[in-house]
Structure formats: structure tokens, C-alpha cells
Amino acid sequence: MLEQLGRSDASITTLAEKFHMTLTGMKKHVAILEQAGLVRTEKVGRVRTCKLGARRLEQETAWLDSYHQLWAARFDELDKVVEQLKREEKVNGRKNRE
Amino acid sequence: MDGKTESETAAQSRTKVERKSDRELVVTRVVDAPARIVYDAWTKAEIFRQWWVPKSFGLTLLSCELDVRVGGGYRLVFRHGDSEMAFFGRYLEVVPPSRIVWTNEEGEDEGPVTTVTFEEQGGKTLIVLHELYPSKESLEAASGDKSGMDETFAQLDELLAGSANSGDRS
């Protein structure tokens with residue numbers, strides 16, 4: 001069903017027909033998936049449409065955030081090291097540069 | 001007057017991360033030093049080991065060998081708690097002081113290829129780090145085994161479908 005929703009949004013009625021389930025059964029199913037953040041629903045008029053939930057997107061965002069933090073921390077250390085190298089070069093440069 | 005939070009945010013925003021495609025990640029940062037100094041920091045083991053593993057990681061760098069030339073290898077060994085991990089690979093391109101390309105071979109599967117370039121602009125250096133994964137799946141596996149999660153969700157989905165059906169029939 002998640003695969004199906006990945007391809008296109010669908011109403012609960014359509015999903016129930018597609019998966020040979022009763023409307024009540026599909027409503028329960030969707031409610032649980034909705035609680036898990038895997039599916040979200042939107043009611044327009046009398047039709048409730050199901051879409052994929054934000055959870056997958058969140059997973060990717062969370063990983064990119066930690067990747068970002070890793071590199072930000074790493075580059076902050078690099079900044080310090082580079083400052084030190086510049087100072088050393090200034091001192092040595094006066095002695096060594098031709 | 002500037003709060004700590006503000007300066008931390010500034011440091012973070014100086015480093016940019018972009019997912020360029022299914023298989024590519026790009027990190028950019030400007031460092032206030034000429035390219036030759038930045039290049040030294042990436043290629044001389046005794047300097048590299050001072051910054052590659054920030055203290056906040058909780059990792060100890062046990063050894064660091066960099067043989068920076070085309071076909072040369074690198075090997076980093078870390079300790080994390082009781083376990084040791086090795087990161088290693090080979091250098092594919094070495095162009096001082098502007099470009100280094102290396103492989104990442106630590107995993108069971110083919111790892112990403114990392115390209116870093118140093119572009120000097122008015123005494124500062126723009127660092128662009130590009131990671132190209134062999135496939136979309138391998139990038140996602142690196143990002144916390146999302147494929148495994150998908151499988152779990154699919155199973156949950158099936159399980160629910162089964163129970164909902166039998167529930168209705170009773």
C-alpha cells in the first residue's frame with residue numbers, strides 16, 4: 001500500500017477496492033499507518049485522500065543534518081589548525097624565505 | 001556581546017551541505033588561508049590528524065597514515081569504546097595544491113569516491129568536497145540503512161492488511 005501511495009495519492013475507497021478490503025478495514029489500517037507517520041490523510045468534501053507521510057523525508061533530513069554537523073565541526077577544527085600554520089609560517093618565513 | 005549560540009550558528013552556516021543528486025553530496029566551506037596551507041592540512045598526516053576527528057565525536061585516532069600520491073593509500077584507525085575501526089582507500093588524483101581524489105573502501109560494498117578541490121580567492125580558500133556514491137542505494141545505506149527501514153515498514157503494512165481483513169470477516 002505504501003508503494004501504491006508512493007506512485008499516487010488515493011482515496012480510502014480506492015485503496016479498499018484495490019486491496020480487496022472493506023472500507024472499515026481500510027480505515028483502521030490507514031489510521032494506524034497515519035499514527036506511525038507513514039501516511040497522512042486530507043479530507044476534501046466527503047472524500048478522504050491518503051498520501052505518503054513525512055517520515056521518510058524526515059529521516060533523510062535528519063541524516064543530512066548530522067552529516068552537516070560532522071563537517072561543520074571538522075572544518076572548525078581545520079580553522080584552528082590553519083591559523084596555527086599561518087602563524088608558524090610568518091615566524092619561519094622571516095628566517096627562511098629566499 | 002554575541003551569544004555562544006549565535007557564533008555556533010554562524011560556524012554551521014559557513015559550512016554548506018547539498019544533496020546534488022541521488023548519488024552525490026557536496027560540502028562547501030571557505031577557510032581563511034591560502035590553498036597551499038589548506039592542502040598541507042589535508043595531505044600531511046601530522047597536521048591532518050589534528051583536525052579530522054573533532055573532539056566532540058568521542059573517537060580516538062590511533063593511527064593515521066597518508067601516502068598522498070596517485071595510487072598511494074591512506075589508513076586511519078579509530079577507537080570507539082572497546083572497538084576499533086579502520087578507514088582506508090587509495091588516492092586516484094593528486095594535484096597540489098588544488099585537487100585530491102580518493103576512494104573509500106572500508107565497507108563490504110563499493111564505497112563513495114571523494115573529490116576535494118581548493119580554490120584560492122584573495123588569500124582565502126574555497127573548499128568543495130564532493131562525494132559520489134556508486135548508487136542511490138549505497139548513499140541511502142550510508143544514511144542509516146533506510147532500505148532496511150523501508151522493508152520493516154512494508155512488513156508492518158502487510159501485517160496490518162492481514163489483520164484488518166480477518167478482523168472484518170469475523
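Residues count from 1 along each chain as its sequence is written, and chains are lettered from A, with ligands numbered from 1, in the order in which they are written. Because the model is predicted, local features need pLDDT of at least 70 and side-chain atom pairs count only at pLDDT 80 or more, while totals for chains, interfaces and linings use all residues; side-chain values rest on heavy atoms, with hydrogens and water left out.

Chain A comes first. Starting at the N terminus, the order is α-β-α-α-β-β-α. Of its 98 residues, 39% are buried, meaning under 20% relative accessible area, where over 50% is exposed and anything in between is partly exposed (1.4 Å probe, protein chains only). The accessible surface of chain A is about 6200 Å², and carbon and sulfur atoms hold 50% of that; such areas come from the Shrake-Rupley method with a 1.4 Å probe, and for residues only the protein chains shown count as cover. Among chain A contacts (heavy atoms within 4.5 Å) with a separation of 6 or more, 36% involve residues 24 or more positions apart.

Chain B carries 5 helices and 8 strands, laid out along the sequence as α-β-β-α-α-β-β-β-β-β-β-α-α. Here 35% of the 170 residues are buried, and the accessible surface is about 9600 Å², with 50% of it on carbon and sulfur atoms. For contacts between residues at least 6 apart in sequence, the share joining residues at least 24 apart is 35% in chain B.

What holds the middle of the picture? The largest nonpolar core has 41 residues, and A:Leu78, B:Trp42, B:Trp52, B:Phe118 and B:Ile127 have the most contacts inside it. A core of this kind is a set of buried Ala, Val, Leu, Ile, Met, Phe, Trp, Tyr and Cys residues joined through side-chain atoms within 4.5 Å. Helix H4 of chain A (residues 55-96) gives the largest share of this core, 9 residues. A:Leu78 reaches across to chain B, touching B:Val31, B:Ala41, B:Trp42, B:Trp51 and B:Ile127, with residues up to four places away in sequence left out of the tally. Another core, of 14 residues, lies apart from that one and includes A:Leu2, A:Ile12, A:Met26 and A:Cys50.

Helix H2 of chain B (residues 35-43) is mostly covered, with 7 of its 9 residues buried. Among them are B:Tyr39, B:Ala41 and B:Trp42.

Aromatic rings come next. Over all chains there are 12 aromatic pairs, counted when ring centres of Phe, Tyr and Trp (its six-membered ring) lie within 6.5 Å; planes under 30 degrees apart are stacked, over 60 edge-to-face, and the rest tilted. B:Trp42 and B:Phe118 make a tilted pair, 5.6 Å centre to centre with 55 degrees between the planes.

Finally, the charged pairs. The count of salt bridges over all chains is 14, each a side-chain nitrogen of Lys or Arg within 4 Å of a carboxyl oxygen of Asp or Glu. A:Asp76 and B:Arg29 form one at 2.8 Å, N to O; since A:Asp76 lies in helix H4 of chain A and B:Arg29 in strand E2 (residues 24-31) of chain B, the pair joins two chains. B:Arg29 is buried at 1%, whereas A:Asp76 is partly exposed at 25%. A:Lys86 and A:Glu83 meet at 3.4 Å, N to O, and they sit about one helical turn apart because 3 residues separate them in helix H4 of chain A. Salt bridges with shared partners also join A:Asp76, A:Asp79, B:Arg14 and B:Arg29 into one network.

Methods. Helices (H or I, at least four residues) and strands (E, at least two) are DSSP runs, numbered from the N terminus.
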